[in-house]
Amino acid sequence: MFLENEMLIKGKRAVLKSYGKINLTLDVAGRRANGYHDVSMIMQTIGLFDSIIVDRCSHSITVSSNLKYLPDNEKNIAYRAAAEFFEYTGIRGGVMIRIQKNIPVAAGLAGGSSNAAAVLVALNVLYNKHLSVGELCKIGVKLGADIPYCLTGGTCLSEGIGEILTPVAALPGLNVVLVKPPVNISTAVIYEKIDSVQISARPDNKEFIKALESGDVRRIGKLMCNVMEEVTVGMCPEIRSIKNNLIDDGALGAVMSGSGPTVFGLFDDYEAAKKSMDKFYKKYNDVFLCRTKDA
């Protein structure tokens, strides 16, 4: 579990980096009777992270953050992750969680899911429970479909509602420019609308996996595809222009991540990526340059 490998422990405190993800591909099949959708997507960890400090204490759960508008109660997924951990293990304990947010909120980058995954990993170590990855995923998936992936990381094919994970050949290390327009997108709203939209192009995950296996980064760039763009672009037309500008700047490919609105471009040339980031930063606040990250 890569989060545990990078965790710093000092007594009853754990310090972690909670990494974001991008969707290299994202396809939505049909809706289940329970309202969830079946997906097939290839996910990738990136170096954009939140900093999480988890302190073991005798009772209660508290959450604080550098963002004043972030909930500090059960509406915060990190809070709920702690509560679910204590319920699952039967522990009568407490935790203080402090989150330094860098990953934009409601951006399609799994920032909240990543925070929850980090809390589960930290509590597992601080309370010496030795739960397996599978057990932590069982706890996490009740809170969010991206949490099992955030626990494992790397390059993965994600199926079912997001909980069926198959590691695939690692994406070669590339530079990632992320641009989030100044709007927040509700994942639930996008899923509600996706069934009524005519999808014009779907990703070919089999071909994408072949491109990963051969390390063909140009082919990888061309095969990136996210069906949710069909919905989200209607709510945020800037997505289309950001994609085009990233390609013009030299990106191998550009696509929206998750339900959006963040758009990312993959670059094999660092200088071109840095120049593109600098240009976008003149217009947008949430612009980042990082690297893809192995598990």
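Author: Before strand pairs come up, one term is needed: two strands pair if DSSP finds at least two bridges between them. The model discussed here is predicted.

Reader: Over how many bridges do β3 and strand β5 pair?
Author: Strand β5 covers residues 94-100. Val54 stands opposite Ile97 in β5. The sense of the pairing between β3 and β5 is antiparallel, and the count of bridges is 7.

Reader: Which residue stands opposite Gln44?
Author: β3 also pairs with strand β6, residues 155-159. That pairing is antiparallel and has 4 bridges. Within β6, the residue opposite Gln44 is Thr155.

Reader: What is the strand order in the open sheet of 4 strands?
Author: The edge strands, each pairing on one side only, are β10 (253-256) and β12 (286-291). Pairing in this sheet is antiparallel, and the twist from one strand to the next averages 20 degrees. Read across, the order is β10-β11-β8-β12.

Reader: At about what angle does helix α10 run to β11?
Author: Helix α10 is made of residues 238-248. The helix lies across β8, β10 and β11. Its angle to β11 is about 10 degrees.

Reader: Which strands does helix α11 touch?
Author: Helix α11, residues 270-281, packs on the sheet. Its direction makes about 165 degrees with that of β12. The strands touched by α11 are β8, β11 and β12.

Reader: Is the crossing of α10 and α11 left-handed or right-handed?
Author: The axes of these two helices come within 10 Å. They cross at roughly 145 degrees. The handedness of the crossing of α10 with α11 is right-handed.

Reader: How many charged residues are in the contact of α10 with α11?
Author: From α10 come Ile242, Asn245 and Leu246, which meet Ser276, Lys279 and Phe280 of α11. By class, this contact has 3 nonpolar and 2 polar residues. The number of charged residues is 1.

Reader: How far apart are the axes of α2 and α3?
Author: α2 and α3 pack at an angle of about 35 degrees. Their crossing is right-handed. The distance between their axes is 8 Å.

Reader: How many nonpolar residues are in the contact of α2 with α3?
Author: On the α2 side, the residues include Ala81, Phe85 and Phe86. On the α3 side, they include Ala116, Val119 and Leu123. The contact has 4 polar and no charged residues, and its nonpolar count is 10.

Reader: About how much space lies in the largest pocket?
Author: The pocket is lined by 47 residues, and the closest to its centre are Ser113, Gly144, Asp146, Thr187 and Ser259. Elements giving two or more residues to this lining are β2 (13-31), β3 (37-57), α2 (77-89), α3 (111-126) and α6 (187-194). By class, the lining has 24 nonpolar, 15 polar and 8 charged residues. The space in the largest pocket is about 1200 Å³.

Reader: Which element gives the most to the lining of the largest cavity?
Author: The structure holds 1 cavity of 30 Å³ or more, and the largest cavity has a volume of about 40 Å³. Among its lining residues are Phe2, Lys21, Tyr149 and Cys150. β2 and α5 (147-152) each supply at least two residues of the lining. The element that gives the most, with 3 residues, is β2.

Reader: Where is Ala110 placed?
Author: Ala110 is not a glycine, although its phi is positive, at about 60 degrees. Its place is in the loop between β5 and α3.

Definitions and conventions:
Residues numbered from 1 in each chain as written. Predicted model: local features only at pLDDT ≥ 70, side-chain atom pairs only at ≥ 80, totals over all residues. Heavy atoms only, no water. Axes fitted to C-alpha atoms, helices over the stretch in contact; angles between N-to-C directions. Contact = heavy atoms within 4.5 Å. Left-handed = near helix turned anticlockwise from the far one by under 90°. Nonpolar A, V, L, I, M, F, W, Y, C, P; charged D, E, K, R; others polar. 1 Å grid on protein atoms, 1.4 Å probe; cavity = no way out; pocket = protein on both sides within 12 Å on 5 of 7 lines; lining within 4 Å. Points joined across faces, edges and corners; volume = space filled by probe spheres on them.
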